[in-house]
Amino acid sequence: MDTENCSSVNEFQFLGITNNSKIKPIIFTIFLVVYLITIIANLGMIILTRMDSHLQTPMYFFLSHLSFCDFCYSTAIGPKMLVDIFAKNKSIPFLGCALQFFILCFCVDFESLLLAVMAFDRYKAISNPLLYTVNMSNQVCSTLVAGIYMVGMVDAWVHTTLTFRLCFCVSNEINHFFCDLPPLFLLSCSDIQVNELVLFIVFGFIELSTISGVLVSYCYIILSVLKINSAEGRFKAVSTCTSHLTVVAIFQGTILFMYFRPSSDYSLDQDKTTSLFYTLVIPMLNPLIYSLRNKDVKEALKKCKTKMLL
């Protein structure tokens, strides 16, 4: 291993999404619209939950943090990706690459854990609605979110430190549109077995915990729903969970596909498409899924429109 080459990488060059000049305007237009919808929808959800008193409940408290997380990692990647579509120089400083990866890693961990907490919140709301506000008090909700932030920060710091201590002496060209583990591992001339082991153990533990938490919560939710006598009550209970289940299925399925494979199976062209989906499309879908299927959010939007017109 050449130690001089290890210390010579001051920046990385993205190869971008495509080199096909004919489809670049189409890709740019599509993902500019996607990014703008993401920003408006997520910031709108955050503002709405703060302004409307009917949305100041534990479920919407968690939802506002989900929107903040989606806003952060789509913004860490989206603008740079859009600029690089037409830019000749697609470089990113070494520290900028590390920061971009840190934000992405933190947000993926945070969202995974938050979705598990939101499943637990739904269980508490359905199993014992009379004690819901007591069991999920402001202090409990704040403690849960603070714990998730801490776990996300620690895990992101571990992966960022291990990744950016590798020697990148093969090349500084990243065959991707942002700094992520698979393309960075391919550039490294260091042994990445420790990195892959830590990824499978630490992130694997987080994924296993969150998926298990969601499954256990929904098992108890099903049991609670079966105890409800009226068909209307059952439908109302189930309808509050469908949006959450949709978000969990899309997000977790994509993350498992992206990161839980041996490096020999990586196909970067395929991964670019998957990465576009979970870094830009999913953050756009999350607030839309929750708002389109939620009467409370629709009512809050109507009130907000009425106030603006007056």
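Mentor: Helices, as counted here, are DSSP runs of H or I with at least four residues, and strands are runs of E with at least two; keep in mind as well that this is a predicted model.

Trainee: Which elements have the lowest and the highest mean pLDDT?

Mentor: Helix H1, covering residues 3-6, has the lowest mean value at 50, whereas helix H6, residues 138-163, has the highest at 94. For the chain as a whole the mean pLDDT is 86, with 92% of the residues at 70 or more.

Trainee: And where does pLDDT stay under 50?

Mentor: That is the stretch of residues 1-5, for which the model has six contacts beyond four places in sequence. Where pLDDT is low, the predicted coordinates should not be read in detail.

Trainee: Switching to shape, what does the radius of gyration agree with?

Mentor: The chain has 21 Å, which agrees with the value near 19 Å that a compact globule of 310 residues would have. Along the principal axes, the C-alpha atoms fill a box of roughly 70 × 45 × 30 Å.

Trainee: How much of it counts as buried?

Mentor: Of the 310 residues, 47% count as buried, while the chain exposes about 15,600 Å², of which carbon and sulfur atoms supply 67%.

Note on methods: Residues are numbered from 1 along each chain as its sequence is written. This is a predicted model: local features need pLDDT of at least 70, side-chain atom pairs count only at pLDDT 80 or more; totals for chains, interfaces and linings use all residues. Side-chain values use heavy atoms; hydrogens and water are left out. The radius of gyration is taken over C-alpha atoms; the globule rule is 2.2 Å times the number of residues to the power 0.38. Buried means under 20% relative accessible area, exposed over 50%, partly exposed in between (1.4 Å probe, protein chains only). Accessible areas come from the Shrake-Rupley method with a 1.4 Å probe; for residues, only the protein chains shown count as cover. pLDDT is the predictor's confidence in each residue, from 0 to 100. Contact means heavy atoms within 4.5 Å.
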